Amino acid sequence: MLRIRPFAFRVAFLMALGGAGSAHAQATDAAAPLPPPTTGVPTGIELLLPQASPHAVVAQTVGLTDVTVEYHSPSVRSRTVWGGLVPYDQVWRAGANENTLIRFSTPVLLRGQTVPAGQYSFYVVPHQDRDWEVVLNRVVNHWGSEGYDQRNDVIRVPVVPETAQFQESLLYWFSNVRPNSAHLNLTWERRTLVLPFEVEVHKQVLAGVERALQQQPNDWQLLAQAADYLVQNNIQPERALNWINESLRLLDAPTNNWIKARLLAQQLDYGTAIVYARKAIKLGDKDDAAFKSQLPNMRLSLTEWQAKAY
């Protein structure tokens, strides 16, 4: 038969099992506050989430000039952009979030005005009934157009907005890239702004040539290369003639003879051009692959000059 032990015995048995430490833990637990509720996300950790207007960078080399545009690209998202999200007659950051920035590694020309090399904030002022404006401002650490001050403008030029195919996300892109000019385009919604700019590539190249020739004045190939640049671009013929004559004095080679022939033909001196062209063909190494590839064009030019000379 099962017998139930007295209550006092059971209490003594439990205290013997837990000991004094158990009683202390019970007292401590009773005094401790309840922990705060948790959201399930660890505190102090920042989540990486996609931006509504992602960061973008576009760059282009024009001649010897590097042009870079750094911006954040907002989306239309079924909103009215021009005259709505972007009000007319107000300075707009031409992007989202921080300032849109444009960098030039050398001076450039905008509408005939020189902009020094450097970094600028890029703003746009849209208008409903007249040309829009592109503004370059020397302050580059604002948030968008907050704190914009027209007194810090470097240049303000008119641009004509053009109709474009629908573009959901704002996009900067380059077109019509040539050795001395290009177009920077901003396209968003159904508008494109085209900003033509020029670079003084010949001035930059010739400054580099002069520095190189100061270091190596007796390098016939360097002199020939410098003269060839002028001939290719049909500029400064007297300077080209001086350089190619010095190159020929140092070494009579097919390369510099051919450059002088082309230079003389540009100056309509076809008779003398023919003499140097024939000499270049005669001196050329018939087994040299580079020379053989140029030979058909050399003979074609020679034929044309003979027709004009006689």
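User: What makes a residue buried here?
Analyst: Buried means under 20% relative accessible area, exposed over 50%, and partly exposed in between, with a 1.4 Å probe and protein chains only. Buried residues make up 36% of the 310 residues in this chain. The model is predicted: local features need pLDDT of at least 70, side-chain atom pairs count only at pLDDT 80 or more, and totals for chains, interfaces and linings use all residues. Numbering runs from 1 along each chain as its sequence is written, and side-chain values use heavy atoms, leaving out hydrogens and water.

User: Why is H127 called buried?
Analyst: H127 has a relative accessible area of 5%. The cut-off is under 20%, so H127 counts as buried.

User: What makes H127 and R130 a polar contact?
Analyst: Their side chains approach to 3.4 Å. A polar contact is a pair of N or O atoms within 3.5 Å; within protein, one must be able to donate a hydrogen and the other to accept it, and residues adjacent in sequence count only if both atoms are side-chain atoms. The H127–R130 pair therefore qualifies.

User: Which residues does H127 contact, leaving aside neighbours within four places in sequence?
Analyst: Y88, D89, W132 and E133. Contact means heavy atoms within 4.5 Å.

User: Why is the aromatic pair of W82 and W92 called edge-to-face?
Analyst: The whole structure holds 10 aromatic pairs. For W82 and W92, the centres are 5.4 Å apart, with 85° between the planes. Rings of Phe, Tyr and Trp (its six-membered ring) pair if their centres lie within 6.5 Å; planes under 30 degrees apart are stacked, over 60 edge-to-face, the rest tilted. So W82 and W92 pair edge-to-face. Both W82 and W92 are buried.
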